[in-house]
Amino acid sequence: MDDLDLRPRLPGNLPQLFADGAAGRVLQTPLPPGDVVWPDPGYPQRQLQLRPAFWVSDEPVGGEVWARLRAEHERSGLWPLLLDESDQPWAAGQVAPEPVEDVGNYAPIAFMSEVWSDWAEQATQEDVDDLAPFGLDCPGPAPRGSAMDDPGAVADRHARALAGRGLSLGLVAVERGADALTAVGWQGALNHNEWTAPLSAVVRSWEERFGARVVGMGFNTLELSVAGPPVTSRHALQVAAEHWAFCPDILFQGPGTLAGYAEEIRGKTWWSFWWD
């Protein structure tokens with residue numbers, strides 16, 4: 001391969017997102033106007049940020065654009081996100097990126113067990129009843145689901161539905177969608193967990209077990225597509241327990257019980273999370 005093959009083939013300033021300058025990366029889908037976003041210097045940072053955190057479009061995009069970019073991810077190295085700017089513009093840069101390498105240091109079962117243990121120390125009997133049939137006993141990760149369709153196809157359908165809300169396009173340089181939370185410096189779950197890398201580790205596990213894909217996010221929301229959701233009540237209860245450890249607000253600001261939430265997600269091909 002000659003030197004010309006190693007030159008960046010990404011438009012505009014997208015190569016700045018990569019540590020290697022995006023050597024060998026290719027993107028064919030035309031992009032709308034946009035720009036890279038640097039973390040706000042006045043915002044608490046997890047690391048010295050030597051590169052922009054992500055790229056964001058100036059205007060909303062359609063779901064078809066997201067789908068084409070997802071299909072190009074392997075060649076471009078850029079994972080697309082639909083970004084909700086209803087609360088605050090992403091271009092403000094109020095994000096705190098962490099090293100993506102840190103994601104591999106966390107085990108989803110350890111994260112789930114720690115959340116459960118911390119909650120159990122101060123749980124009332126009513127709290128314990130809400131998490132029936134598990135109560136004080138963390139059940140651990142649920143078994144993998146059976147894919148109903150190709151994960152990419154499911155993600156594309158969810159993106160088309162989400163795009164109807166008028167969301168901006170984000171692009172982040174990561175090998176897999178789960179890592180986008182950490183690379184972008186997303187702060188949505190800050191009141192639940194100080195670090196984002198453990199949450200990316202959980203989403204990685206969902207990618208592998210349920211064909212989940214990160215499709216969109218807001219400043220305190222996260223949207224995943226799911227190709228292999230739980231279809232039985234028992235399996236849904238186990239998955240619901242994981243969701244509760246990941247985002248307690250989905251229960252306490254939702255149906256109120258684990259059993260009630262489990263029925264909401266049974267057979268559902270997208271998971272939506274919201275943190276207070």
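# Close-up views of a predicted model

**View A. Helix 3 and the second largest pocket.** Helix 3, which covers residues 108-120, gives the most to the lining of the second largest pocket, with 6 residues. The model shown here and in every other view is predicted. The space in this pocket comes to about 330 Å³. Its lining is made of 18 residues, and those closest to the centre of the pocket are Glu114, Val115, Asp118, His192 and Asn193. Sorted by class, the lining of the second largest pocket has 12 nonpolar, 3 polar and 3 charged residues.

**View B. The whole chain, for orientation.** The chain contains 10 helices and 7 strands. Along the principal axes, the C-alpha atoms of the chain fill a box of roughly 65 × 40 × 35 Å. How does the radius of gyration of the chain compare with that of a compact globule of 276 residues? Such a globule would have a value near 19 Å, and the chain has 19 Å, so the two agree.

**View C. Helix 3 packed on helix 8.** Two packed helices are described by the angle between their axes and by the distance between the axes. Helix 3 and helix 8 have axes 9 Å apart, at an angle of about 75 degrees. Helix 3 is therefore roughly perpendicular to helix 8, because angles of 65 to 115 degrees count as roughly perpendicular. On the side of helix 3, the contact is made by Phe111, Met112, Val115, Trp116 and Trp119. On the side of helix 8, the residues are Ala241, Glu242, Trp244, Ala245 and Phe246. By class, this contact between helix 3 and helix 8 has 9 nonpolar residues, no polar ones and 1 charged residue.

**View D. Helix 8 crossing helix 10.** Helix 8 spans residues 233-246 and helix 10 spans residues 258-265; their axes come within 8 Å and cross at roughly 110 degrees. Helix 8 and helix 10 are therefore roughly perpendicular to each other. Which residues of the two helices meet? From helix 8 they are Ser233, Ala236, Leu237, Val239, Ala240, Ala241, His243 and Trp244. From helix 10 they are Leu258, Ala259, Tyr261, Ala262, Glu263 and Ile265. The contact of helix 8 with helix 10 divides into 11 nonpolar, 2 polar and 1 charged residues.

**View E. The largest cavity.** There are 2 cavities of 30 Å³ or more in the model. The largest cavity holds about 80 Å³ of space. Helix 3, helix 7 (197-210) and helix 8 each supply at least two residues of its lining. The lining of the largest cavity consists of Pro108, Ile109, Phe111, Met112, Pro141, Val202, Ser205, Trp206, Arg209, Glu242, Ala245 and Phe246. These lining residues divide by class into 9 nonpolar, 1 polar and 2 charged.

**View F. The second largest cavity.** The volume of the second largest cavity is about 40 Å³. How many residues line the second largest cavity, and which of them lie nearest its centre? The lining has 10 residues, and Trp186, Gln187, Leu190, Asn193 and Thr196 lie nearest the centre. By class, the lining of the second largest cavity has 4 nonpolar, 4 polar and 2 charged residues.

**View G. A cis peptide bond.** The peptide bond between alanine 132 and proline 133 is cis, with omega about 10 degrees. Where is proline 133? Proline 133 lies in the loop that runs between helix 4 (125-130) and helix 5 (151-163).

**View H. A positive phi at alanine 22.** Alanine 22 is not a glycine, yet its phi is positive, at about 70 degrees. Alanine 22 belongs to the segment before strand 1 (34-37).

Conventions. Residues numbered from 1 in each chain as written. Predicted model: local features only at pLDDT ≥ 70, side-chain atom pairs only at ≥ 80, totals over all residues. Heavy atoms only, no water. Axes fitted to C-alpha atoms, helices over the stretch in contact; angles between N-to-C directions. Helix = DSSP H or I, 4+ residues; strand = E, 2+ residues; numbered from the N terminus. Parallel < 35°, antiparallel > 145°, perpendicular 65-115°, else oblique. Contact = heavy atoms within 4.5 Å. Nonpolar A, V, L, I, M, F, W, Y, C, P; charged D, E, K, R; others polar. 1 Å grid on protein atoms, 1.4 Å probe; cavity = no way out; pocket = protein on both sides within 12 Å on 5 of 7 lines; lining within 4 Å. Points joined across faces, edges and corners; volume = space filled by probe spheres on them. Rg over C-alpha atoms; globule rule 2.2 N^0.38 Å.
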